[in-house]
Amino acid sequence: MSGANRVAPAACVIGWPVAHSRSPLIHNYWLKHYGISGDYRREAVMPKDFAAFAGSLAARGYVGANVTVPHKEAALALSEPDDRARAVGAANTLWLDHGVLRSTNTDVEGFLANLDACAPGWDRNLKQAVMFGAGGAARAVAHGLLARCIGRIVVVNRTFERAEALRQMFGAAVQPARWEELAAALAGAGLLVNTTTLGMEKQPDLDLDVGLLPADAIVADLVYVPLVTPLLKAARARDLRTADGLGMLLHQAVRGFALWFGRTPEVTGELRALIEADLARPPDNSVRADTGSRAKR
Ligand code: NAP
């Protein structure tokens, strides 16, 4: 096929619901910024239809996709996962490799790259992290922290059994703890990470005293609506270094773009400002800021 006839590559984010996803804004910004002819769309796909959809990506003109709630486990099962997706037990990025559907989990590198950018050297001599939550995002964070050789991850979760399951999955460095043990754990923590939905708009706050953390601790929150969660606000009021959920979202998008469109993009202040502005818009306008995409709904 001649270059002139080649169809521009397209990718999408598959979710149910998917209207809230900022991924189209991010990827279409990069496509435009790098002058790449391509497209990135939203695809609202019900759980019962996911397998058929994932199996027909090429027929639909897609070179790959992001996968969000509730399809990440199904995406793993239906693809050839890399070590990272397998270790986390969920896939959020799919791509076609000579007809083979492959997958990875970019939340791991998104979390780590964001911390590297916001708090350079954060992992130097870090002996203990405290992590709230034991869901899918917590598995990605735990995998990332262990890859950086963090000695101990104390996990506090509403459902204690899920924290124990994390220990079984990742080994003795993961230590489930009860809420009553939190004060002691925080006193010895160089990093606090919230991977729960607490602090998210319309959700209760994560009720804890950041004053219990050492003065050089770093606080990371995966929640990005609102951008500055009550946890981050409290940490900043104490002059602690912080890493927010939007930074992670931007950094996790890098690998998918590189896989689908052939160029490793940069997370810049301009991109961040674009998404921040979208997050600040009233809900009705915010998710339609990228109406240029040919989303099928
Ligand atoms: P998930 O698998 O459903 O896990 C949710 C976690 O939140 C569980 O630990 C759950 O505890 C806890 N939780 C929910 N409601 C709670 C409540 N009322 N009180 C106490 N704990 C509660 O979800 P996920 O995929 O891990 O996502 C978690 C958060 O991370 C979401 O806010 C998501 O948007 C965010 N996230 C952000 C990024 C990013 O790029 N910034 C990437 C991935 C995820 P139980 O186990 O007791 O139910």
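1. Let's start with K202, which sits in the loop between strand 10 (191–194) and strand 11 (218–221). This is a predicted model, and in it phi of K202 is near 70°, a positive value in a residue other than glycine. Is K202 buried or exposed? With a relative accessibility of 82%, K202 counts as exposed, because the cut-off for that class is over 50%.

2. The loop between strand 10 and strand 11 also holds L206. Here the accessibility is of another kind: L206 has a relative accessible area of 10% and is buried, because buried means under 20%.

3. Look for D239 in the loop between helix 9 (230–237) and strand 12 (241–243). D239 is exposed, its relative accessible area being 69%.

4. Next, please check two peptide bonds. Most peptide bonds are trans. The bond that joins W16 and P17, however, is cis, with omega about 5°. P17 belongs to the loop between strand 1 and helix 1. Another cis peptide bond joins V69 and P70, again with omega about 5°. P70 lies in the loop between strand 3 (62–67) and helix 3 (72–77).

5. Now to the charged pairs. Side chains of opposite charge can pair when their charged atoms come close. How many salt bridges does the structure hold? There are 14 salt bridges in the structure. One of them pairs D278 with R22, with 3.0 Å between the closest N and O atoms. This pair links distant parts of the chain, 256 residues apart: D278 is in helix 11 (residues 269–280), and R22 is in the loop between strand 1 (10–15) and helix 1 (23–33). D278 counts as buried at 1% relative accessibility, and R22 is buried too, with a relative accessible area of 10%. A network of salt bridges links R22, D278 and R281.

6. Another salt bridge joins D82 and R255, where the closest N and O atoms are 3.9 Å apart. Distant parts of the chain are linked here as well: D82 is in the loop between strand 4 (80–81) and helix 4 (83–88), R255 is in helix 10 (residues 245–261), and the two are 173 residues apart. D82 is partly exposed, at 23% relative accessibility. R255 is partly exposed as well, with a relative accessible area of 29%.

7. E109 and R84 also form a salt bridge, with their closest N and O atoms 2.8 Å apart. E109 belongs to helix 5 (residues 107–118) and R84 to helix 4, so this pair too links distant parts of the chain, 25 residues apart. Are both ends buried or exposed? E109 counts as buried at 18% relative accessibility, whereas R84 is partly exposed with a relative accessible area of 29%.

8. The ligand deserves a close look. Which residues are closest to the ligand? Of the 21 residues that surround the ligand, the closest are A137, N157, R158, T159 and R162. In the side chain of N157, an N or O atom is 2.7 Å from an oxygen atom of the ligand. The side chain of R158 has an N or O atom 2.9 Å from an oxygen atom of the ligand. G245 takes part through its backbone, with an N or O atom 2.9 Å from a nitrogen atom of the ligand.

9. Finally, consider the empty space. Rolling a probe the size of a water molecule over the atoms shows where such space is left. The second largest pocket contains about 170 Å³ of space. Its lining includes G121, W122, R124, N125, L126 and K127, along with Q128, G188, G190, D216, I218 and R241. What kinds of residue make up the lining of the second largest pocket? The lining has three nonpolar, five polar and four charged residues.

Technical notes: Residues are numbered from 1 along each chain as its sequence is written. This is a predicted model: local features need pLDDT of at least 70, side-chain atom pairs count only at pLDDT 80 or more; totals for chains, interfaces and linings use all residues. Side-chain values use heavy atoms; hydrogens and water are left out. On a 1 Å grid over the protein atoms alone, a cavity is a set of points where a 1.4 Å probe fits but cannot get out, and a pocket is an open set with protein on both sides within 12 Å along at least five of seven lines; lining residues have an atom within 4 Å of a point. Grid points are joined across faces, edges and corners, and a volume is the space filled by probe spheres set on the points. Ala, Val, Leu, Ile, Met, Phe, Trp, Tyr, Cys and Pro count as nonpolar, Asp, Glu, Lys and Arg as charged, and the others, Gly among them, as polar. A salt bridge is a side-chain nitrogen of Lys or Arg within 4 Å of a carboxyl oxygen of Asp or Glu. Helices (H or I, at least four residues) and strands (E, at least two) are DSSP runs, numbered from the N terminus. Buried means under 20% relative accessible area, exposed over 50%, partly exposed in between (1.4 Å probe, protein chains only). A residue is near a molecule or strand if one of its heavy atoms lies within 4 Å of it. A polar contact is a pair of N or O atoms within 3.5 Å; within protein, one must be able to donate a hydrogen and the other to accept it, and residues adjacent in sequence count only if both atoms are side-chain atoms.
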